[in-house]
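Here is a short tour for anyone who likes to check a model before computing with it. Please keep the sequence and the coordinates open as you read.

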Amino acid sequence: MLPRRPGPRDRGPAPATRRRTAGTTPVPGQRARGAALSESADGSEEDGPERPGPPAPGAKPPPASAPASPAGGDGADDDTAGDPAPVPARRRRVLRAVTVAGCLFTLLVVGIGALVYEDLSGNLRGLPLFGGTTGDAGRERPDAFGRTPVNVLVIGSDTRATADDCAIGGDCGPGENADVEMVVHLAADRAGATVLSVPRDTVTDLPACRDAHAGTVVPAHHGQLNSTLQYGPGCTVAAVHQLTGIPIDHFLMVDFAGVVRLSDVAGGVPVCVSDDVYDPYSHLKLTRGEHVLKGMAVLQFVRSRHAFGDGSDLGRTYAQHLYLAALVRTLKAAGTLSRPATVYSLADAATRALTVDTGLDSLHKLLGLADDIDKVPPSRVTFVTMQSVPDPGDPDRVLVAPAARKLFEAIAADRPLTPAGAARPAAGPAPPPARPAVTPSATVARAGGLPVFRPGVVAPASSAPPVAASSSVPAPASASASPASSASASPDAGSPLADAHPRSADQGGECAQVSRFPTVLLGGVAMTPVQAYAASRGVPLSAP
């Protein structure tokens, strides 16, 4: 059978029309030199890159070692001309595996971070900031750049609401008072901070509050400042704001067990005592010199009101400032806040130990506050104590001194209070003050039938007979009525810091001055903390 001749439908497309390049003469069967023909979208051919034609007669073929470039060039620009070489399949698989692993790792980190964040935030207990029945906790005034200061009320609670607090406090009695009341003021520019201690024995007019536990209203009355915590920390905020006029933006409340946990995580903090000391009430017992405190020893030190100064709450505030200043220096020197593991441990301990206002009841907010505090150098952190005078109606209590108003106003106005140029404490023990030889605190005085002493009030000589110490009990080696007497320079009388015992956190080398007065009772006998140390050989030391 003969093959069928191709018909019209079997023929290809019509021959493409050619365009002539200007200035060239076409030669049958040969394209013009310097131009090539390319097919356009409609089937026509257009001039394009020159394509190599057949070699001319007698021309030498190109050497095999120098193949022509895919673009028709000499191969010098092969890295930029033409399509890139395909990635080998094995390399593609490796890149895909690395990408998938990176995504999974990122998801894992984000997931763990979210779980940690939720866990730590869940530890926090948030309560309303203000517990008063009228008004609020005050408003901050921004500076010229719109920045505002921050004031945080730190409350140390003596509650025995948990088994741990009962064991640490020594009993499980009812009630809850504030052992510590400090206003931490952060300047608007975060360049400085002031820590104001308000003595817990301060008696003042207290505002009406709504009891956070019972929901009832407690009417305004005259009483002791630390008693307001019985109605919730919001009532203490209202009372401190009314007393000082300082706006309170947040509060942090910690109990006995929380202090122990936080001090353990922060690590040991070095403190110094001027003499051997034993306080049978807080159970603090230390030898003369420097010790590294942690755990229970920290709680014993900061709670002792009979070991230091005149045996009152004022002596305790001075010792607390020494400890807190040493804590700031320790955290800064060790770079504690730059180590993730330590930061997590601190955050975990803090969130478990703290009760905060609702403005700080998340980890993000709490860490933001910690970051602001960390920006302040120790030399710009100033500790001060509210100026006070004895209460004529009760020598165990104090009233707000007129000079305290200047201090309150300076803090509220965000004026810097760092004692510029304040001299460092002199080396060695300070000379004792010119006071009666026997000046016990009122609590011990009543129990032992001894005369009452309060700072600034000197009992008549006839009512202050000296108490002879037993020959087997040594007298104090050295002490003073307050650590402030060891400073060689004091603020001017008109300064807000006058009589406020200012000290900056970078001041080291100072010892807490052990009381030289018979402030404790041991075996029914009134004696000094140094004498109590010698008479309690079987009691273990708080720290080596």
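This is a predicted model: local features need pLDDT of at least 70, side-chain atom pairs count only at pLDDT 80 or more; totals for chains, interfaces and linings use all residues.

Residues are numbered from 1 along each chain as its sequence is written, and side-chain values use heavy atoms, with hydrogens and water left out.

**Confidence**

Let us begin with pLDDT, the predictor's confidence in each residue, from 0 to 100. Its mean over the protein chain is 74, and 61% of the residues reach 70 or more. Residues 16-50 have a pLDDT below 50, and this stretch has 43 contacts in the model beyond near neighbours in sequence; a contact means heavy atoms within 4.5 Å. Over residues 421-488 the pLDDT also stays under 50, and here the model has 117 contacts beyond four places in sequence.

**Disulfides**

A disulfide is a covalent bond between the sulfur atoms of two cysteines, assigned here when the two sulfur atoms are within 2.5 Å. The structure holds two of them.

| Disulfide | S to S distance | Torsion about S-S |
|---|---|---|
| Cys209 and Cys235 | 2.2 Å | 85 degrees |
| Cys272 and Cys511 | 1.8 Å | about 60 degrees |

The link of Cys209 and Cys235 is right-handed. It joins distant parts of the chain, 26 residues apart: Cys209 sits in strand β8 (residues 209-210) and Cys235 in helix α3 (residues 233-244). Helices (H or I, at least four residues) and strands (E, at least two) are DSSP runs, numbered from the N terminus. Both Cys209 and Cys235 are buried, where buried means under 20% relative accessible area, exposed over 50% and partly exposed in between (1.4 Å probe, protein chains only).

With its torsion of about 60 degrees, the disulfide of Cys272 and Cys511 is right-handed. Cys272 lies in strand β12 (residues 269-273) and Cys511 in the loop between β20 and β21 (520-522), 239 residues apart. Both Cys272 and Cys511 are buried.

**Positive phi**

Most residues other than glycine have a negative phi. His283 has a positive phi near 70 degrees; it is found in the loop between β13 (277-279) and β14 (284-286) and is partly exposed at 47% relative accessibility. His501 has a positive phi of about 50 degrees. His501 is found in the loop between α10 (442-448) and β20 (503-504), and is partly exposed at 26%.

**Helix α7**

Helix α7 (residues 340-353) has 14 residues and reaches 20 Å from its first C-alpha to its last, close to the 20 Å expected at 1.5 Å a residue; the expected span is 1.5 Å times one less than the number of residues. Among its buried residues are Thr342, Leu346 and Asp348.
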